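Hi,

Here is the structure I promised to pass on. Have a look at it first, and my notes follow below.

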Amino acid sequence: MNTLAARAEAVKLHQLLGADATSLPFLARLPETQLRRLRDAVSERLFAQDQALFRRLAAVAAQLPVLLVIPLCRAFGPMLSARIVGEMPAKRAAACAVHLPADFIARICVHIDPRRARDLIGRIPVRQVVSIALKLVENGDYPTAGRFVDFLSDEAIQAVLDTVPDEADLLRIAFYVDSRNRLDHLIRMLPEARRRKAVLLVLDEQSDLLDEILSLITSVGYSLKRELGDLAAAQDVAVIARIIHRVQEQGLWGDLLPVVASLSEANLRKVANLPILRDDPQVLDSLLLAADEHELWRSILPLVEMLDDTTRNAFALAATRVGPAAIKRAAHAVLVGELWEPMLDLVRRMPFDKQCEFAGVLNGFRGVDPDLDRRIAARASAHGLSPALASVGIA
Amino acid sequence: MSAQIFERVAANLRRPADTLSALSGLASEELEALDRTIEEACKRQRDEVTTALRRALPQPLRSLILGKLAGRT
């Protein structure tokens with residue numbers, strides 16, 4: 001579950017319901033996909049209400065000259081216009097739309113479900129799309145702008161990207177884009193200099209775009225994760241600590257760990273050895289919990305080799321606090337990913353009873369492959385774990 | 001109790017309950033709040049439509065359409 005994407009989804013649902021953004025706080029607990037399904041259901045419920053009437057009004061409007069429909073739309077207001085336009089043939093609706101000012105269409109957009117207006121959106125001229133986008137940005141209506149992104153052509157998106165001058169606005173729109181997997185493509189449409197500028201807004205404490213930046217970095221594919229993640233990680237230690245505080249405070253480790261794992265070696269070493277990770281047991285506990293919940297042991301364990309001795313000790317101590325079931329899952333990840341070295345190095349730093357517990361898990365792997373048994377025994381012995389292995393009968 | 005409210009929310013949204021399964025984990029009062037907010041959104045839309053029609057349409061047409069709206073469920 002992408003926590004930040006779920007949060008964006010909850011904002012869009014509140015907007016659709018016309019509810020205060022904090023009136024249904026329990027929605028934040030639901031996964032993004034379920035919130036999206038709920039939003040679609042609410043949207044369909046609202047569109048189905050009085051649909052027959054809207055269809056009749058749309059049929060009448062379709063017979064009137066365009067220049068008569070325009071004042072009628074203005075008199076009806078944005079919500080009713082949205083419902084009627086949604087029932088008109090796309091060609092006719094687009095012919096009317098070109099005569100309406102951008103600020104009025106921006107207010108209509110709030111009430112439109114773009115899935116139901118795909119043909120109409122495709123017929124709106126690019127210059128008008130740009131004007132509407134600028135109006136939505138001016139209104140601070142980023143959720144509505146984000147909802148429409150999936151339905152715009154690359155040409156229209158490029159024109160909007162070229163026209164919206166502030167990367168902060170682009171980040172705020174990107175936060176609400178429905179298809180997270182399209183973000184990769186959209187971000188690559190930005191020149192590299194503007195991508196860098198967007199991520200470096202992490203330095204701007206006043207505009208507080210941490211959630212938007214984290215949402216972007218955690219949603220894109222591996223190579224962009226690495227590019228954008230490296231850029232953020234190359235900043236001052238205080239900036240990275242601020243990011244970690246936010247991640248900790250909002251429970252975003254599950255989203256962030258894959259980004260950390262994608263960093264270049266130098267940045268990985270820098271981030272992994274930050275004092276905040278070493279000195280705050282709660283941070284390490286949350287990190288390990290997220291690694292277990294999101295099945296990220298294979299991403300996390302290689303990081304151990306980047307840690308300095310003191311941080312490894314802190315990491316090993318935190319690992320003693322995870323439950324036996326989690327240790328079993330970690331050991332399985334070790335088996336699959338051949339990550340014996342970092343794991344055994346952690347285990348050797350644990351108290352003897354925890355070493356024995358881990359040896360018990362290893363005992364379950366015996367007999368799978370005699371070569372593997374020999375290798376584990378040899379490596380464990382090199383780490384001084386022979387007494388623990390002997391306690392469970394492994395020679 | 002919360003299972004009944006969950007069924008009601010799904011029915012109000014005209015969705016099979018299993019497509020909204022994550023909602024079944026919500027507490028009764030949370031489901032009630034969600035159901036109430038959805039109903040308020042529907043009512044708000046209905047009121048806005050009525051107001052917009054009343055404001056925009058000339059009298060004979062307005063009476064005809066608002067009469068039809070009054071008969072809606």
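**A helix pair in chain A**

In chain A, L4(A), A5(A) and A8(A) of α1(A) meet D211(A), L214(A), S215(A), T218(A) and S219(A) of α14(A); contact here puts C-beta atoms, placed from the backbone, within 7 Å. Helices are DSSP runs of H or I with at least four residues, strands are E runs of at least two, and both are numbered from the N terminus. By class, this contact has four nonpolar, three polar and one charged residues (nonpolar: Ala, Val, Leu, Ile, Met, Phe, Trp, Tyr, Cys and Pro; charged: Asp, Glu, Lys and Arg; polar: the others, Gly among them).

Please keep in mind that this is a predicted model: local features need pLDDT of at least 70, side-chain atom pairs count only at pLDDT 80 or more, and totals for chains, interfaces and linings use all residues. Residues are numbered from 1 along each chain as its sequence is written, while chains are lettered from A and ligands numbered from 1 in the order in which they are written.

**Chain A overall**

Chain A has 27 helices and zero strands. Its radius of gyration is 27 Å, well over the 21 Å that the globule rule gives for 395 residues, so chain A is more spread out than a compact globule (taken over C-alpha atoms; the rule is 2.2 Å times the number of residues to the power 0.38). The C-alpha atoms fill a box of roughly 90 × 40 × 35 Å along the principal axes.

**Where the chains touch**

Chain A gives 24 residues to the contact and chain B gives 26 residues. On the chain A side, α2(A) gives the most, with seven residues.

Best wishes

Methods:
Contact = placed C-beta atoms within 7 Å.
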